[in-house]
Amino acid sequence: MSKRTAFVMGASQGIGKAIALKLADQHFSLVINSRNLDNIESVKEDILAKHPETSVIVLAGDMSDRHTRAGIFQKIESQCGRLDVLINNIPGGAPDTFDNCNIDDMTATFTQKTVAYIDAIKRASSLMKQNEFGRIINIVGNLWKEPGANMFTNSMMNAALINASKNISIQLAPHNITVNCLNPGFIATDRYHQFVENVMKKNSISKQKAEEQIASGIPMKRVGSAEETAALAAFLASEEASYITGQQISADGGSMKSI
């Protein structure tokens, strides 16, 4: 069997970077992506410092842009000849409410993430079918089931992605391609630290108080690490996860209360 190849979007920081590093530990060949070439090259150096034998291809570009996506998937096919794992990882849009949502911004948000994920799945699955094997993992979020008051558009977008993923998983299952959604809770990434700053400003409290306030709403009383999320992604990308598809799995310390 040829070595498995994984494509990780948004791999220059946070959860995406942690997933790329974890998959390197699992001996995958990697294609890593970020909009910033310097940042993603730095991740490549980190991977090769630990695993000098690993094949790491850097393809920089904004995956929310359809022309960029088309070009990157063409390069994956020509340079790798196969694709076995897709990690869809594009951030959502800005916070908004029903009262202040802007239709143009809403359309742009759906295009940049929801449509981008679906297009990437379509392109990736066509390569995966060649070897009758694939693992598609969409980084989404718990807003699909428990909408946030100030995350109106993102909540709708997440619900749409979950619904689409379930539909796609049924159609790709006969090809031994699984499709699952990984839903992070509060994870200690740059986005979390920005959220902490917003809580500090809104409530005029210290960083420690803001972090304590956030942690108090999590049953495990702490935020998660990117590495913990990456461990779940690595399992879903593995041979052992062959009978898991169409699922929504949260890594959130028990934050989602819904059944």
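**View 1. The second largest pocket has a volume of about 150 Å³.** In this predicted model, whose residues are numbered from 1 along each chain as its sequence is written, local features need pLDDT of at least 70, side-chain atom pairs count only at pLDDT 80 or more, and totals for chains, interfaces and linings use all residues. Side-chain values use heavy atoms, with hydrogens and water left out. On a 1 Å grid over the protein atoms alone, a pocket is an open set of points where a 1.4 Å probe fits, with protein on both sides within 12 Å along at least five of seven lines, and lining residues have an atom within 4 Å of a point. The lining includes I118, K122, A164 and L172, and helix 4 (103–128) and helix 5 (152–172) are the elements that each give two or more residues to it.

**View 2. The rings of F98 and F152 form an edge-to-face pair.** Rings of Phe, Tyr and Trp (its six-membered ring) pair if their centres lie within 6.5 Å, and planes under 30 degrees apart count as stacked, over 60 as edge-to-face and the rest as tilted. The centres of F98 and F152 are 5.7 Å apart and their planes stand at 65°, and the pair links distant parts of the chain, 54 residues apart. F98 is exposed, with a relative accessible area of 58%, whereas F152 is partly exposed at 24% (buried means under 20%, exposed over 50%, partly exposed in between, with a 1.4 Å probe and protein chains only).

**View 3. F186, Y192 and F195 form one aromatic cluster.** Within it, the rings of F186 and F195 have centres 5.3 Å apart and planes at 40°, so this pair is tilted.

Terms used:
Grid points are joined across faces, edges and corners, and a volume is the space filled by probe spheres set on the points. Helices (H or I, at least four residues) and strands (E, at least two) are DSSP runs, numbered from the N terminus.
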